[in-house]
Amino acid sequence: MIRAELFKARHTRSVWGLTAIAAAFCVGWAALEVFVFHQIDDAYAMAQQGYIFALLVGIQLTAGEYRHQTITWTLLVQPNRGRVITTKLVACGVIGAAMGVAAAVVTAPATALMLAVSGNPVVTPGVPAALLGSVLSTALWAVFGAAIGLLVRNQVAATIAAFVWFFYAEWFLVAMVPAVGRWTPTGVSKSIVGWSRDGLPVAGDLLPLWAGTAVFLGYAVVAAVVARLVSVRREVT
């Protein structure tokens, strides 16, 4: 079943398109860190900045099934809804990890080149952790997106809801209550890659890497469990 889900994703052009855009987005952020913000320690961590596209892929691969009613055919082949939902969530995690690897593979050499051109050290001790953290973070964002897609089921509404929360509501919440910033999904995901600055100017210090990883993993697991519990009890149409 997981192979089938991966097969469908591999033959969906928008997945490839969003992966390419995510990698380019990460390189662009790395360039800003090196040449504009001069945050050299954070340059490699920008391999995580394509997370929003992983979120969109997760939404598309779950809510899109309901939009095009392909979920009906899936359930005819495997009537066990719990197994189908679990498979989709796992598959989205694998796809998110692949997106993270692609972003890291493209961003790392581009960042090294930019650091060399700007006369900065190319490799620092935190580079491996930043790149590995970016892969893990991207995978969890894809699972998060898949859970949102399963809960909302309308692909357009799920996409809009995700953008409104992560680009407006979360920032507004952090601006109103700065201490919350380190606990939000965006805040903890940035701590996974070891950002030396918070990326949310009013949020204060981020959590330690281990704590951010544990919290974000908890967010993804809770979202996945809730999505599974709700999905097995709702009608398909």
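The model is predicted: local features need pLDDT of at least 70, side-chain atom pairs count only at pLDDT 80 or more, and totals for chains, interfaces and linings use all residues. Residues are numbered from 1 along each chain as its sequence is written, and side-chain values use heavy atoms, with hydrogens and water left out. Helices are DSSP runs of H or I with at least four residues, numbered from the N terminus.

**Helix H3 against helix H7**

- Two packed helices are described by the angle between their axes and the distance between the axes.
- Helix H3 spans residues 51–67 and helix H7 spans residues 155–176. Their axes come within 8 Å and cross at roughly 155°.
- Axes here are lines fitted to C-alpha atoms over the stretch in contact, and angles run from 0 to 180 degrees between N-to-C directions.
- H3 and H7 are therefore roughly antiparallel to each other. That label applies to angles over 145 degrees; under 35 counts as roughly parallel, 65 to 115 as roughly perpendicular, and the rest as oblique.
- The crossing of H3 and H7 is right-handed. In a right-handed crossing the near helix is turned clockwise from the far one by less than a right angle; anticlockwise makes it left-handed.
- On the H3 side, the contact is made by Ile 52, Leu 55, Leu 56, Ile 59, Gln 60, Ala 63, Gly 64 and Arg 67. H7 contributes Gln 155, Ala 158, Thr 159, Ala 162, Phe 163, Phe 166 and Phe 167. Contact means heavy atoms within 4.5 Å.
- The residues of this H3–H7 contact divide into ten nonpolar, four polar and one charged. Ala, Val, Leu, Ile, Met, Phe, Trp, Tyr, Cys and Pro count as nonpolar, Asp, Glu, Lys and Arg as charged, and the others, Gly among them, as polar.

**Helix H5 against helix H6**

- The axes of H5 and H6 come within 7 Å. They cross at roughly 145°.
- This crossing of H5 and H6 is right-handed too.
- H5 supplies Ile 85, Leu 89, Cys 92, Gly 93, Gly 96, Ala 97, Met 99, Gly 100, Val 101, Ala 104 and Ala 108. They meet Leu 131, Ser 134, Val 135, Thr 138, Ala 139, Ala 142, Val 143, Ala 146, Ala 147 and Leu 150 in H6.
- The residues of the contact of H5 with H6 divide into 16 nonpolar, five polar and no charged.

- Helix H6 covers residues 127–152, 26 residues in all. From first C-alpha to last it reaches 37 Å, close to the 38 Å expected at 1.5 Å a residue. The expected span is 1.5 Å times one less than the number of residues.
- Of the 26 residues of H6, 20 are buried, so H6 is largely enclosed by the rest of the structure. Buried means under 20% relative accessible area, exposed over 50%, and partly exposed in between (1.4 Å probe, protein chains only).
- Helix H2 has 24 residues, 13–36, and should span 34 Å. Its end C-alpha atoms are 34 Å apart, which agrees.
- Buried residues in H2 include Val 15, Leu 18, Thr 19, Ala 22, Ala 23 and Cys 26. Ala 30, Glu 33 and Val 34 are also buried.
- The buried residues of H2 pack against helix H1 (2–10), H3 and helix H5 (81–117).

**Positive phi in two loops**

- Most residues other than glycine have a negative phi.
- His 38 is not a glycine, yet has a positive phi of about 55°. His 38 is found in the loop between H2 and H3. At 55% relative accessibility, His 38 counts as exposed.
- Arg 153 is not a glycine either, and its positive phi is about 70°. Arg 153 sits in the loop between H6 and H7. Arg 153 is buried, with a relative accessible area of 18%.

- Tyr 66 lies in helix H3 and is buried, with a relative accessible area of 10%.
- Not counting residues up to four places away in sequence, Tyr 66 touches Ile 71, Ile 85, Leu 150, Arg 153 and Val 236. Tyr 66 and Val 236 are 170 residues apart in sequence and 7.6 Å apart in space, C-alpha to C-alpha.
- Gln 60 also lies in helix H3 and is buried at 16% relative accessible area. Leaving aside neighbours within four places in sequence, its contacts are Thr 12, Ser 14, Val 15, Leu 18, Glu 65 and Gln 155.
- Ile 21 is in helix H2. Ile 21 is partly exposed, with a relative accessible area of 44%.
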